[in-house]
Each structure stands twice: as structure tokens, then as C-alpha cells.
Amino acid sequence: GLKKKEVNVLCLGLDNSGKTTIINQLKPSNAQAQDIVPTIGFSIEKFKTSRDSLSFTVFDMSGQGRYRNLWEHYYKEGQAIIFVIDSSDKLRMVVAKEELDTLFSHPDIKHRRIPILFFANKMDLKEALSSVKVSQLLCLENIKDKPWHICASNAIKGEGLQEGVDWLQDQIR
Ligand code: GTP
Ligand code: MG
């Protein structure tokens with residue numbers, strides 16, 4: 001068949017936010033891992049988007065503090081960003097915002113119209129903030145030079161993920 005357009009996607013966000021769980025859910029069921037463990041360094045995952053137009057190469061980065069300095073090495077190659085937030089982690093919302101601000105001020109990201117999809121993940125937890133609240137706390141309305149979108153998600157059940165990926169595909173084509 002036709003060769004699909006290949007797109008490098010960076011998956012960023014704090015440790016324990018659910019990045020690997022999200023990427024795992026987006027893979028075909030026969031390729032999904034049963035057990036998800038904290039990512040060491042990073043992991044490269046490939047899958048085709050369901051509307052079948054794109055072939056995603058996802059850089060699933062570790063969110064642990066000691067590995068966050070790896071993120072920037074992949075910014076140049078990234079053509080889209082998925083930024084995952086644990087909506088129930090109110091204490092670390094400010095840390096997530098700091099990492100986001102650092103991302104946006106990086107020379108390899110700063111002046112690019114790179115699309116950013118936010119997942120306000122773990123919406124199933126009763127203490128989870130709404131996606132509106134998360135976007136307020138992260139000051140997403142201040143993002144003027146990049147297309148962005150936020151979706152509430154439950155990565156364990158796969159809820160909210162497809163809506164986000166559909167949006168991302170539309171930004172890329
Ligand atoms: P690092 O690789 O350390 O950066 O973490 P990560 O962002 O990849 O998180 P990971 O996918 O490993 O998930 C961390 C924990 O959160 C796991 O125990 C997941 O099962 C859990 N988790 C992920 N998504 C959800 C969700 O939507 N709801 C709930 N309740 N738990 C979730
Ligand atoms: Mg991970």
C-alpha cells in the first residue's frame with residue numbers, strides 16, 4: 001500500500017503522569033504490554049494512527065527528575081508533542097508548569113508552530129481536576145504561537161485518547 005507519512009512525536013510530562021500507559025493504549029491490542037513500569041531514560045514506540053494516515057514514532061520520555069535533561073536532545077526531531085498531566089496531582093501541578101515553561105523557552109521549540117496535545121490524565125480519580133482547571137493552572141491560554149488542545153483522559157480504560165490523537169492528526173496533515 002501507500003507509505004504513510006512518518007511523524008516524530010515527543011511524549012513529555014512528569015513521572016507517573018501516565019505517558020507510557022497512554023502510548024501503550026494507542027498501539028494495536030496485540031502489541032500492547034501487560035505491565036507498565038516506570039520508563040528508564042526513554043523508549044521509542046511506533047504505531048499507525050487509526051484514521052490510517054500517519055505513522056507515529058513516539059519518543060516516550062521518562063518524567064523522572066534525573067532523566068528530564070534528556071528531553072531537549074529530541075526537541076529538534078519532534079514534529080508534535082503530547083504533554084501528559086496527572087490531573088489528580090495538585091501538589092506537582094506547579095512542577096508540571098515549570099517543565100512546560102522550560103520547554104517553551106528552549107531554542108529548538110520556542111519559535112516553532114509545533115502542535116501540542118495535552119492530556120489531563122487520570123480523570124477517573126475522584127480528586128482529579130477538570131481539564132479546564134488544569135489548563136488554567138498551566139496558563140495554557142498564554143500559548144499564542146502554537147496550536148494546542150487539551151483532553152481529559154483515562155489511560156487505563158483508553159477514554160479520551162482517540163479524540164486527542166484525531167486532533168493531532170488534523171494539525172499535521
Ligand atoms: P514515567 O515513565 O516514570 O515518566 O511515568 P509515566 O508518565 O510513563 O506513567 P505510567 O504510564 O508508567 O503510569 C504511572 C501510573 O499511573 C501507573 O500505575 C498507571 O497504571 C497509572 N495510570 C496511568 N494512567 C492512569 C489513569 O488514567 N487513571 C488512573 N487511575 N491511573 C493511571
Ligand atoms: Mg513511562
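Trainee: If contact means heavy atoms within 4.5 Å, which residues is F42 in contact with, leaving aside its neighbours within four places in sequence?

Mentor: F42 is in contact with F59, D60, M61, S62 and Y74. Before we go on, this is a predicted model, where local features need pLDDT of at least 70, side-chain atom pairs count only at pLDDT 80 or more, and totals for chains, interfaces and linings use all residues. Residues are numbered from 1 along each chain as its sequence is written, chains are lettered from A and ligands numbered from 1 in the order in which they are written, and side-chain values use heavy atoms, with hydrogens and water left out.

Trainee: What about E45?

Mentor: E45 is also in β2, residues 42-48, but with 19% relative accessibility E45 counts as buried. The E45 side chain makes a polar contact of 2.6 Å with that of K27 and one of 2.8 Å with that of S43. A polar contact is a pair of N or O atoms within 3.5 Å; within protein, one must be able to donate a hydrogen and the other to accept it, and residues adjacent in sequence count only if both atoms are side-chain atoms.

Trainee: New topic: what coordinates the magnesium ion, ligand 2?

Mentor: T20 and T39 do, each through OG1, at 2.0 Å. Donors are N, O and S atoms within 2.8 Å of the metal (3.2 Å for Na, K and Ca), and water is not among the atoms, so the site may look incomplete.

Trainee: Where do T20 and T39 lie?

Mentor: T20 belongs to helix α1 (residues 19-26) and T39 to the loop between α1 and β2, so the pair ties together parts that are 19 residues apart in sequence. T39 is buried, at 13% relative accessible area.

Trainee: And ligand 1: which residues come nearest?

Mentor: K19, T21, G63, D124 and A155, out of 20 residues around ligand 1; a residue counts as near if one of its heavy atoms lies within 4 Å. Oxygen atoms of ligand 1 lie 2.7 Å from a polar side-chain atom of K19 and 3.1 Å from one of K122. The protein covers 83% of the 660 Å² of accessible area that ligand 1 has on its own, by the Shrake-Rupley method with a 1.4 Å probe; for residues, only the protein chains shown count as cover.

Trainee: Where does K122 lie, and what is its phi?

Mentor: K122 is in the loop between β5 and α4 (131-137). Its phi is near 65°, a positive value in a residue other than glycine.

Trainee: Last one: how many residues does helix α5 have, and how far does α5 reach?

Mentor: Helix α5 (residues 161-172) has 12 residues and reaches 17 Å from first C-alpha to last, close to the 16 Å expected; the expected span is 1.5 Å times one less than the number of residues. Its buried residues include L161, W167 and I172. The buried residues of α5 pack against several elements, among them β1 (5-12), α1 and β3 (54-61).

Notes
Helix = DSSP H or I, 4+ residues; strand = E, 2+ residues; numbered from the N terminus. Buried < 20%, exposed > 50% of the residue type's maximum accessible area, 1.4 Å probe, protein only. Contact = heavy atoms within 4.5 Å.
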